[in-house]
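Q: I'm new to this one. Can we walk through it together?
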Amino acid sequence: MNDMEHRKTNDGEGRRLDGEEEEEEEDEDEGNGRGLDAWERAYADERSWESLQEDESGLLRPIDNKTIYHAQYRRRIRSLYSSTTTARIQKGLIRYLYIVVDLSRVFDSSLKRLLNYRISVILFYFPGLWLRNYLPMERLESAFAASEMDFKPSRMAVVAKHIEAFIREFFDQNPLSQIGLVTIKDGLAQCLTDLGGSPDSHVKALMGKLECSGDSSLQNALDLVHGYLNQIPSYGHREVLILYSALSTCDPGDIMETIQECKKSKIRCSVIGLSAEIFICRHLCQETGGSYSVALDESHFKELLLEHAPPPPAIAEFAIANLIKMGFPQRAAEGVISICSCHKEAKVGGGYTCPRCKARVCELPTECRICGLTLVSSPHLARSYHHLFPIPPFDEVSLSLLNNPHQRSSRACFGCQESLLIPGKYSDGKKMLIFCNEFDYSISIACHLIDCVV
Amino acid sequence: MKFQIEDVTVYFPYDNIYPEQYSYMVELKRALDAKGHALLEMPTGTGKTIALLSLITSYALSKPSNPIKLLYCTRTVHEMEKTLAELRLLHQYQLRHLGPAARILALGLSSRKNLCINPAVVSAENRDSVDAGCRKLTASWVRALAVENPNIPTCQFFENYEKAASEAVLPPGVYTLQDLRAFGRDKGWCPYFLARHMVQFANVVVYSYQYLLDPKVAGIISKEMQRESVVVFDEAHNIDNVCIEALSVSVRRQTLEGATRNLSKMAQEINRFKATDAGRLRAEYNRLVEGLAQRGNLPISDTWLANPALPDDILKEAVPGNIRRAEHFLSVLRRLVQYLHGRLETENVEKEGPVAFVASINSQAGIDQKMLKFCYDRLHSLMLTLEITDTDEFLHIQTICDFATLVGTYTRGFSIIIEPFDERMPHIPDPVLQLSCHDASLAIKPVFERFQSVVITSGTLSPIDLYPRLLNFNPVVSRSFTMSLTRNCICPMVLTRGSDQLPVSTKFDMRSDPGVVRNYGRLLLEMVSVVPDGIVCFFVSYSYMDGIVNTWNESGILKEIMQHKLVFIETQDVVETTLALDNYRRACDCGRGAVFFSVARGKVAEGIDFDRHYGRLVIMFGVPFQYTLSRILLARLEYLRETFQIKEGDFLTFDALRQAAQCVGRVIRSKADYGMMIFADKRYSRHDKRSKLPGWILSHLRDAHLNLSTDMALHIAREFLRKMAQPYDKAGVSGRKTLLSEEDLEKMGDGTTNEMLF
C-alpha cells in the first residue's frame, strides 16, 4: 500500500515538473516567433526522451529526479501544514458526494476530424489524388465509431479509469463518507448507484453503463442530485463533482434557479471540464463554493480529480458542531449462517452485527438498513482524523550534526534501520528521531501518524 | 497612486498601472507640452480612458495659472456615461489627496431627448420631436404670450431656470446625464439649458462628436470654447466618416414632397401675417437690408441649428436683395424644389461637380450662387419671424436649404450624384440626389485650428500614417502601443483553406462558388463543436449573409449548427437586432451556447461588446471591402487620389482592414478576458493586407497561424481553450511585469523607461 501511494505521488510530481519545463519551452518558442506544428505538438506533449540521460559509459538511463521531487514534496507539506494550523480550517469529514458523469454525445464524436485531417494532408501533398466525388466520406466516418481523440484511447475510457481510481482513493481518505453515481445521457440524468460506502459496487455499476448518446443537461443532473442530497442529515457535507465533457447544456427550465436552490441547500458543486471553460459551470462553482478546473491532458485530469479526494474546508455558516450517534459493530462469529441486511440473502460468516438491532451487515462503513445507525470501525475514525491534525513537518538535520560523536547511535534511520550516508535527513521534532527521506515520505503520505511507526 | 511624469504629478485612482498606460501618459504629456496634436493607438481593455482623464486633469492641476479645459468626445451616450463614471472615481481620489484645490466641474452634454425632464416633452418618440416639443413651450414669443394668457402651456422647469437667472449654476463635481436630470428635478431647473450654460465654465465636458464636427451643432454649442482646450476624440477610427457625413446631404423624393408641403404652409402663414401683423414682416425686411442675417442676441431657447457650412466659409454680407422679401424667397425655394424634382426624374446615373450644378441651376431656375449660399440663414430668419415652433415638421425644407447652402459655398471636395435606383435592386425606382463630401479634412479643420491640442485615439488606428493624410494635419506625437499581457490571451488565425484544401475567399468571382460556401459552413460547424458559449460571425454585407445563410439552410449545415448552439442574426431593424442580442446573451449565460451572425460596418460591429463568454471566438468571413461600385465611393477615391495622392487600393484595403480589426476587437475588452479571432479569407495571408492590422493583433499572429486549413485551426482552437481555462495569475509571471506599482515607477523614473518596457 505504502509503495503504491509513493509511486502515485511520484508520478504526480513528475508530471508537474514536466509541466513547468513545457511552459518554459513554450515561452522560448514564442520568443523565436515560431510555434510547433500541430502534429509535432502531439508528440511533444509526452516528451518521453527527456526523462533519459546518458551516463559516463554512454548508456541511457532514466534521470534520477528523486531529490527534486522530494524537495517539492516538502514544500507542499509545509504549506499544507501552515495553512491548516494557522487558519484552523474546519473540515467536513462525513461527506456525501455525488459524482456526475456526463455521457453525452460530444463524448463520442466520431473520428471524422482526424480523418479529415489525414485526408487533407494527403491531398495537400498529392493534389492529383483529389477525388471529391468519389471519397465516401460518410461511410468512412461511420466506420470509425471511436471517441474524441484528445484523450486516448477515448474520453470515456479515460474518465472511467480515473473515476475508478478516484473512488478507491476517496474511500481510503474518507472512510466515513459515501458516494453516489449519476450519469447524464440523452438530456436526462440517471442515478446509477445510490449513496453508499462500497467502492466495488460503484465501480461495477459504472463499468456496466459505459455508452454515450444525446445531449447533456446540467440542470436535470443538479435537480436529481439536489433531490437526493436534500435528505442528508445536517452533519453530512453535501457535495457534487461533475465531470463535464459537453460544451453546452440543454435544459428544460431556468438553470439559474436550480443553481440558487443548490446554493440554498449548501451543496458544494465542483466541475472538472474536459475540453474548455464554460461560463455556466464557472458560475455554478462560484455560487456554490466549489472549484472549477479544466483538464489539459490525461495526467492533468487525474491530478485534478484526485484533488477532490481530501475533504474540502467546510462552508462556514454550515459548520456547526454536531453529535452523531455511531455504532461500532463486532465481527460476527465465523461459520454462522445469517440473513444479511444489505444483500437480503443468507450468508455464511464474515459479517458484522449492528450493536443496536443485531442485524448483520457485510461491510463497514455503512448505515444499518434496519435501524439507520451509522456503523463504523475505530480505524476508520482514526483515519479520518489526520485531515484535522496533520503531522508537523520534520526538520532537516544537517550532516555535521549527524556526525556529532555524541549522537552516534542515531546515525541510522529509525524506521528502516539503514545508515544515513547521503545528506537530507529529517527528524521528528518532539522525539528527536531521525528518518531517511523515504520514511519521511511514507509517514506523511500514507500513515499520517507518527505513532504507528514509533 | 501618484507619481511624477517629468514636472507633472499624476494622480491615478488605482494602486497599479499597466506599463502601456504609463507610456501612453508620457506621450500624451509631451503632446500637451508641445501644444500640438496627437494620434495614439492603444488596444481596448488597457484602460485608455482612465489614462487620458488622469493625465489631462493632473496636467491641468499642475498648471493652476493657466488651466486647460478638456473636451472629451465619445460616439455614444453609453460611452459618455462610462467616461463620466471613471472621471468621478478619479475626481474622488484627487479630492482625497489634494483637498478642495482639486475641485473641478465636469459634465456630460447630450440632446434634449436625453436630458429633458418635462414628462410631456420627453415622451415624444424621436429626437426631433423632443426638440420641437421643447421649442413649443420655451420659445420667446410663446412665453411672451403666456405672460398675458395663463392658459398657454409653458415648461415650468425652464421658467424656474430663467427666474433663477445668474444663480442657476452647478456646484463643482462630476455630473453624468443622470445626475444632471436628478439635479434638475431637485432644483426644478431645466437640466438641458443648465448644462448648455455651464459648458462654458466646466473644466471637463463630455459630449458627442457632432458637437464639434458638425458645423450646424458646433456653431451654437461649441462656439465659446476657449483655445486652451484639449480635445479628445475617443474610438476615433471612423472619424473621417463622421466628418464626411457632417457635410453630406441626400435628397429623396419624399424630401421634396415634404418641402413642397412646408412651402405652402409657410405661404399661408405669410398671408396670415400680412393680414394681421404686416409690421413684423416689414421689420424683418429692414433688418435684412441692414445686413443682419441673424438677429443679434437670441434668447437661448430660440437658437437654431447654425449654418451647415464651416464658420470660416460663411459670407459676412447682407442677404442679397432678391430674397429679402418673404414671398420672393419662397418663390426661389419653390423653383429650387421644382428644379430638383426635375433632376430626380433622370433615368441614368449622373455625376456632377458643384460648379456645374450651380451653373445649371442658374440657367434653368434662375437662382445664382449667392442666393443659394444664403438660403439657410434666410430660412432661419423667416421661420423665426413666422414664429414657427413645430420644427420637426419643417425638417424637409431645412434639408433642402442645407443642400443649397453647401452647394453654393463649396466648389471643391464635393460632388453631386443622382442615382435613379439602388444598384443592387435595379427594378425598384428609388431616385436619390446626394451631395457628398469627399474630404474629411474640411469638417475637422476648424477644430485643429481652434484648439491647442487635439488627441485622436482608438484601439484600431493602423496604419497610423494614413490618418494624418486623410485629415490633413500634423501630429506631434503619433504612436501605437501594444498590450502587455500575462498570458497570450488572444489567438488570431488566418484561415485560407477549407478541410479539402480549396481556398476560401469572398472575392467577387469566388464568393458564390458552392465549394467556398460549403467550406465556410464546415468551418463554423467544426468550431461550434469545440468552442464553448458564444461565437460571433461577421459577414461582409447583408446580402452576402442572406445568401450564405440560405445556402447553409438548404444544405442542412445550419441544422447541424443548431444542434450545438442557437443561431441569432442581425437584421437592419434595430429593434429586432436588440431583441436578438438580448436572447443571444441569455443563451450564453445559461450555457446553451449561441452563434451571432452579424455584418461588418453594421450597428453591432461598431457598438456592441462581446466580451468574456459572450464571445470566445469571432470569425470574420471574408475581407469587408466597401461596395466598390458605389458612385460615392468611386468619387471619393478619385478625389483622394488627386488631392492627397492616396492610391485607391491602399485606401480600400485600409478601410476594409480597420473594419475587420474593429469586428474582431469586439471579443477582447480586458486583460483577464480571452478570445480567438479567425480571419477566414485567403487574402489575409498576403502581406499588404495583413500588415495593415493593428500592432496588438499582429504581435500575436504567429507565422505558424498564417495559412491554416479548417482542421488545423480546430486543433489550435482546442489547445488554446484548454490553456486559457487554467487558473490565471493577475500579477503576471516573473520576467514579464505587467502591473506596475508606485515603487516600480519611482525606480524607473529616469529616462530609461521606454527602453525597459518595450
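Predicted model: local features only at pLDDT ≥ 70, side-chain atom pairs only at ≥ 80, totals over all residues.

Q: Where is the closest cysteine sulfur to the one in Cys590(B)?
A: It sits in Cys588(B), 8.6 Å away. That is too far for a bond.

Q: And what about Cys357(A), which cysteine sulfur is closest there?
A: The one in Cys368(A), at 3.4 Å. A disulfide needs the two sulfurs within 2.5 Å, so 3.4 Å is too far for a bond.

Q: New topic: sheets. What is the strand order in the eight-strand sheet of chain B?
A: The order is E6-E5-E7-E4-E8-E13-E3-E14. The sheet is open and its pairing is parallel.

Q: Which strands are at the edges?
A: E6, residues 173–175, and E14, residues 475–480, both of chain B. Each pairs on one side only.

Q: How much are neighbouring strands turned against each other?
A: By 10° on average, ignoring direction.

Q: What packs on that sheet?
A: Helix H2 of chain B, residues 48–62, does. It touches strands E4, E7, E8 and E13 of chain B. The direction of H2 makes about 165° with that of E4(B).

Q: Back to E14(B). How many bridges link it with E3 of chain B?
A: Five, in the parallel sense. Strand E3 covers residues 37–41. Leu40(B), for one, has Arg479(B) in E14(B) as its bridge partner.

Q: What about the three-strand sheet in chain A, what is its order?
A: E9-E16-E15, open, with mixed pairing. The edge strands are E9 (326–327) and E15 (366–367).

Q: How do E15(A) and E16 of chain A run?
A: Antiparallel, joined by two bridges. Thr366(A) stands opposite Leu375(A) in E16(A).

Q: Zoom out to chain B. How many helices and strands?
A: It has 33 helices and 21 strands.

Q: Why call it compact?
A: Its radius of gyration is 28 Å, close to the 27 Å the globule rule gives for 758 residues, so chain B is as compact as a globular protein of that length. Its C-alpha trace spans about 85 × 70 × 50 Å along the principal axes.

Q: What share of chain B is buried?
A: Buried residues make up 59% of the 758.

Q: And the accessible surface of chain B?
A: About 29,700 Å², with 51% belonging to carbon and sulfur atoms.

Methods:
Residues numbered from 1 in each chain as written. Chains lettered and ligands numbered in written order. Heavy atoms only, no water. Pairing = 2+ DSSP bridges. Helix = DSSP H or I, 4+ residues; strand = E, 2+ residues; numbered from the N terminus. Axes fitted to C-alpha atoms, helices over the stretch in contact; angles between N-to-C directions. Contact = heavy atoms within 4.5 Å. Rg over C-alpha atoms; globule rule 2.2 N^0.38 Å. Buried < 20%, exposed > 50% of the residue type's maximum accessible area, 1.4 Å probe, protein only. Areas by Shrake-Rupley, 256 points an atom, 1.4 Å probe, with all protein chains shown as cover.
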